[in-house]
Amino acid sequence: MALSAEDTQTAGAVWEKIYADVEDNGAVVLSRMFKEHHHTVSYFKNFTQLQSVAETASAEEIAALAEVRAHGKKVFLALNDMVPHLSNVDALKETIAPLAKKHATELKVDVKDFEIIFDNLLALIGEKQGADAKTAFKKVTDLIYEEIKAAY
């Protein structure tokens with residue numbers, strides 16, 4: 001189900017603010033995932049810095065790693081490609097399908113781990129923009145997560 005025009009507009013404004021600091025915010029979202037859900041580190045065997053410090057480093061130290069910053073930016077770029085399609089589910093599905101297929105078949109990522117990323121993103125939005133922004137953007141993450149699950 002697509003978002004209403006009003007929900008899309010609100011979500012776009014929330015996203016614009018969080019995306020303005022794409023590299024830092026993307027790194028924070030991923031570093032929290034790695035610290036709070038350590039099993040997710042195993043998906044990134046090619047991240048040698050992360051592999052060497054994941055057990056002992058703080059979330060802040062993990063967020064400072066170049067490979068985490070680069071992948072966090074990549075995650076945010078993918079979300080940025082989805083946000084314009086929130087009111088058009090067919091276009092959203094087309095945007096999500098290749099990402100979901102790659103993560104499901106090639107990378108073997110459990111679909112539930114997308115929910116972790118979205119929960120961390122929502123927490124960060126709440127910290128930076130308040131509870132109303134977090135609530136508004138939850139509609140977005142719920143929609144995207146449902147479409148990712150459907151494409152898996």
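What radius of gyration does the protein chain have, and what would a compact globule with 152 residues have? And which part does UniProt mark as a domain?

Modeller: This is a predicted model, where local features need pLDDT of at least 70, side-chain atom pairs count only at pLDDT 80 or more, and totals for chains, interfaces and linings use all residues. Residues are numbered from 1 along each chain as its sequence is written, and side-chain values use heavy atoms, leaving out hydrogens and water.

Your radius comes next. The protein chain has 15 Å, which agrees with the value near 15 Å for a compact globule with 152 residues. That radius is taken over C-alpha atoms, and the globule rule is 2.2 Å times the number of residues to the power 0.38. Along its principal axes, the C-alpha trace spans about 45 × 35 × 20 Å.

Now the part itself. An unreviewed UniProt entry places "domain: Globin" at residues 2-152. Such annotations may be inferred rather than shown by experiment. Over residues 2-152 the chain is 76% helix and 0% strand. The end C-alpha atoms of that stretch are 19 Å apart. The protein chain holds eight helices and zero strands. Here helices are DSSP runs of H or I with at least four residues, and strands are E runs of at least two.

How is the chain packed? Buried residues (under 20% relative accessible area, 1.4 Å probe, protein chains only) make up 44% of the 152 residues. Take contacts (heavy atoms within 4.5 Å) between residues at least 6 apart in sequence: 69% join residues at least 24 apart.

Note on methods
Buried < 20%, exposed > 50% of the residue type's maximum accessible area, 1.4 Å probe, protein only.
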